[in-house]
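I wanted to look up how aromatic rings pair in this model, and I kept notes as I went.

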Amino acid sequence: MSASFSGSTPLAICQEYAVGRIDRAQLIDELGRFPYVPKTVDPDPLNDIVMDHEDSWAGVEAALLGGVIDESIYAEVFAQRHLGHGQS
């Protein structure tokens with residue numbers, strides 16, 4: 001597959017899947033390859049706010065919570081990204 005993505009953010013990619021423009025395999029592939037940015041923490045030690053960037057993993061979490069993807073997709077991509085369990 002090419003290095004391109006069907007959406008500019010993880011949530012947009014999930015939305016492409018939800019409307020049937022991409023299939024499950026392409027969704028898993030793109031979310032697995034997406035260059036996520038880390039969450040940003042406010043440098044003020046008295047402020048414990050964590051800010052989610054639209055290119056962070058929070059987009060995948062939002063897709064799950066919003067019903068755009070199901071738990072099995074989330075779990076598969078999570079395992080691939082965070083636990084190193086890629087598909088063969």
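I began with tryptophan 57, which is buried at a relative accessible area of 10%, where buried means under 20%, exposed over 50% and partly exposed in between, with a 1.4 Å probe and protein chains only. I noted that the model is predicted, that local features need pLDDT of at least 70 and side-chain atom pairs pLDDT 80 or more, while totals for chains, interfaces and linings use all residues. Residues are numbered from 1 along each chain as its sequence is written, and side-chain values use heavy atoms, with hydrogens and water left out.

Next I searched the whole structure for aromatic pairs and found 6; rings of Phe, Tyr and Trp (its six-membered ring) pair if their centres lie within 6.5 Å, and planes under 30 degrees apart count as stacked, over 60 as edge-to-face and the rest as tilted. Tryptophan 57 and phenylalanine 78 have ring centres 6.1 Å apart and planes at 65°, so I logged this pair as edge-to-face. The pair links distant parts of the chain, 21 residues apart, with tryptophan 57 in the loop between β2 (50-51) and α3 (58-65) and phenylalanine 78 in helix α4 (residues 71-82); helices (H or I, at least four residues) and strands (E, at least two) are DSSP runs, numbered from the N terminus.

I then checked phenylalanine 78, which is partly exposed at 31% relative accessible area. Its ring and that of tyrosine 74 have centres 6.0 Å apart and planes at 20°, so that pair is stacked.
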